[in-house]
Amino acid sequence: MNAIEIRNLKKNFGIKRALSDLDLTVPEGSIYGLIGENGCGKTTTEKIICGLLGADGGSVKLFGKSHTDEETRAKIGALIEAPGCFPNLSVWNNMMIQADNLGIENAEEEVVKILKTVRMEGAAGNKYKNCSLGMKQRIGIAMALLGNPELLILDEPLNGLDADGMRIMREILTDLTQKGECSVLISSHILGELEKIATHYGIMRNGKIIREMTARELEENCRTYVAVRAGDMSQTKTLLELRYMHTDESEDGYLRVYDAFSPEDVVSYLYKNGITVTEIKSDKIGLEEYYIDLMSEVSK
Amino acid sequence: MMLKRNLCSNRFGTMMKADFRRMFKSRLFYIMTAICIVMPILIIVMTSMMAGSVTVDPQTGAETVIEGMDNVWQIIGSVAQSESTDMNSAAMNMSITSMCNINMLYFLIAVFVCIFVSDDFRSGYAKNIFSVRSKKTDYVFSKTLVGFVGGAFMLVAFFVGSFIGGSISGLSFEMTGFGIMGLFFCMASKIVLVPMFASLHLCMSVIGKQKLWLSMLLSLCTTMFLFMTVSMVTPLNSTVIHFVMCVAGSIGLSFVLGATGNKILKSTALA
């Protein structure tokens with residue numbers, strides 16, 4: 001069964017079309033990374049799933065049932081835009097209010113446990129308004145995790161998190177999904193981090209999913225390359241272009257060869273032609289580059 | 001982790017628990033209650049101090065004697081002789097003693113409910129609520145109940161403040177034209193009218209959502225039309241009939257206004 005199944009979802013804001021025939025499928029137990037430029041409709045989609053916005057057409061199913069179903073809705077944990085906390089109340093009171101709202105019986109124990117998980121136990125007494133951006137984000141994540149949700153919807157949860165925060169977030173999400181207890185829909189612009197945890201991807205543009213794939217499919221789509229730096233870069237470039245079909249220059253000043261058999265092959269070829277290679281590495285195009293390439297491809 | 005079953009009573013109960021926790025933890029509630037205690041003390045003490053003093057209009061030379069209160073209960077309400085005279089005394093007489101009374105609190109209740117509900121939307125807490133439950137009825141019921149309890153606390157605080165103010169200023173506590181039961185039913189009737197006002201303010205607040213100024217404006221304007229009637233239906237010599245009528249009217253209007261609020265929530269964006 002799919003955790004989320006969206007078909008032909010439409011949403012207009014006045015004359016502006018925010019979503020047009022959006023199809024999205026989040027398999028159960030997966031971490032689905034929703035990627036797209038600003039204003040492409042990611043948050044709108046998430047708000048519709050959470051019932052915070054009404055759709056103008058199409059269907060949204062959560063675990064096979066309508067997203068308006070009361071019992072299904074109780075399975076959601078969400079962090080949309082910013083955590084919903086009262087600024088003048090302490091972190092502890094904000095968490096307890098959410099625990100009450102969810103009907104958690106042993107609320108105090110659970111709040112302590114969750115705050116420990118996100119390393120916020122020391123800040124429980126702080127007023128929410130006095131917390132830093134990163135701390136607020138951790139509180140938001142903690143709130144979303146309260147009540148053992150079966151579906152987590154996280155909108156830009158990595159914003160403002162420090163390295164430790166990102167690591168904790170990775171560990172929590174991976175742990176939850178590996179146990180098969182939870183499915184996650186996460187939108188983020190921090191693609192490097194997303195790539196480390198996502199099992200599925202959906203790339204959005206202009207209110208539509210333009211590509212949906214698994215992490216494995218992304219891996220297959222991402223080309224490997226050999227990156228070279230040499231003394232005379234212009235001559236190296238000319239030589240590489242003579243022998244290899246697919247070469248280009250990266251932003252960090254490396255010459256990339258996409259159709260080389262191995263780094264040794266490139267080094268020996270350049271050496272034979274009197275070029276001394278100063279640096280060489282073999283790597284793979286990441287999600288970020290794949291996304292940028294795809295976007296420029298679509299724009300054409 | 002134990003989650004209560006998602007039964008209607010539980011859903012309503014959990015939301016109410018969260019709302020009451022929030023109310024009793026927030027400064028707003030205590031500030032409002034404190035205002036309600038201090039306000040009658042100030043009114044009674046100041047009007048007693050100013051009573052009998054004469055002001056002279058410099059242009060016409062006309063003298064006006066400032067009237068104080070005859071007894072403490074005047075700040076709670078007036079005695080109805082008959083329906084028509086009560087209307088005359090309470091609604092038409094615009095002297096300071098008839099204006100500065102407990103009925104002003106319905107404006108403060110508007111402020112309380114508007115801030116309380118608007119905070120849900122401004123802080124984003126509404127997203128926490130509505131993403132885990134799709135029924136808006138719970139929200140409307142819970143907020144109305146919180147408004148009712150908060151408002152009742154404020155009315156009782158005002159009553160206590162009147163007592164303190166009367167004791168400080170040495171004003172008479174004599175009950176003329178009504179008895180202790182009349183006073184009891186008067187206060188009880190005022191309290192049972194609170195849910196009607198709370199649901200009215202809730203309705204205005206869900207129209208305004210994050211815009212607190214709009215919620216306040218709408219609530220205060222609508223309260224203007226209604227609060228004068230409160231003094232008519234809750235005189236100091238109230239009887240059980242007054243109380244029952246207030247209960248019936250309050251429940252009926254609360255349902256209508258609650259249903260309207262519910263419809264607004266269902267048909268508009270919540271975040």
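This is a predicted model: local features need pLDDT of at least 70, side-chain atom pairs count only at pLDDT 80 or more; totals for chains, interfaces and linings use all residues.
View 1. Along the principal axes, the C-alpha atoms of chain A take up a box of roughly 75 × 45 × 35 Å. If you take the contacts in chain A between residues at least 6 apart in sequence, 70% of them join residues at least 24 apart.

View 2. Chain B has 11 helices and 2 strands. Follow the sequence and the order reads α-α-β-β-α-α-α-α-α-α-α-α-α. Of its 271 residues, 45% count as buried. Among contacts in chain B with a separation of 6 or more, 85% come from residues 24 or more positions apart.

**View 3. Where chain A meets chain B.** On this face, 36 residues of chain A are in contact with 32 residues of chain B. Three elements of chain A give two or more residues to its side of the contact: α2 (70-73), β6 (76-79) and α3 (91-102). Of these, α3(A) gives the most, with 7 residues. Sorted by class, the chain A side holds 18 nonpolar, 11 polar and 7 charged residues. For the model, the scores are ipTM 0.81 and pTM 0.82.

**View 4. The largest nonpolar core, seen around B:I109.** This core has 146 residues, and A:A142 and B:I109 are the ones that touch the most other members. Its largest share, 11 residues, comes from helix α5 (residues 105-123) of chain B. What does B:I109 contact once its neighbours within four places in sequence are set aside? The partners are B:G147, B:G151, B:M154, B:V194, B:F197, B:A198 and B:H201. Another core lies apart from this one; it has 11 residues, among them A:Y225, A:V228, A:L240 and A:L255.

**View 5. Helix α9 of chain B and the residue that follows.** Helix α9(B) runs over residues 194-208, which makes 15 residues. From first C-alpha to last it reaches 21 Å, close to the 21 Å expected at 1.5 Å a residue. Is this helix mostly covered or mostly open? Mostly covered: 13 of the 15 residues of α9(B) are buried. Just after the helix, B:K209 takes a positive phi of about 50 degrees.

View 6. The mean pLDDT of chain B is 86, with 90% of its residues at 70 or more. Confidence is highest in α9(B), at 95, and lowest in helix α3 (residues 83-92) of chain B, at a mean of 45. Across residues 83-94 of chain B the pLDDT is below 50, and beyond near neighbours in sequence this stretch has 16 contacts in the model.

View 7. A:D21 has a positive phi of about 50 degrees although it is not a glycine, and A:D21 lies in strand β2 (residues 16-27) of chain A. A:N206, also not a glycine, has a positive phi of about 50 degrees. A:N206 is found in the loop between β9 (200-205) and β10 (208-214) of chain A.

View 8. A:E108 lies in helix α4 (residues 107-117) of chain A. A:E108 has 12 other C-beta atoms within 10 Å, so it is exposed, the cut-off for exposed being 12 or fewer. A:E108 and A:V226 are 118 residues apart along the chain, and 55 Å separates their C-alpha atoms.

Definitions and conventions
Residues are numbered from 1 along each chain as its sequence is written. Chains are lettered from A and ligands numbered from 1 in the order in which they are written. Two residues are in contact if their C-beta atoms, placed from the backbone, lie within 7 Å. Helices (H or I, at least four residues) and strands (E, at least two) are DSSP runs, numbered from the N terminus. Ala, Val, Leu, Ile, Met, Phe, Trp, Tyr, Cys and Pro count as nonpolar, Asp, Glu, Lys and Arg as charged, and the others, Gly among them, as polar. The expected span of a helix is 1.5 Å times one less than its number of residues. A residue is buried if 20 or more other C-beta atoms lie within 10 Å of its own, exposed if 12 or fewer, and partly exposed in between; C-beta atoms are placed from the backbone. A nonpolar core is a set of buried Ala, Val, Leu, Ile, Met, Phe, Trp, Tyr and Cys residues joined through C-beta atoms within 7 Å. pLDDT is the predictor's confidence in each residue, from 0 to 100.
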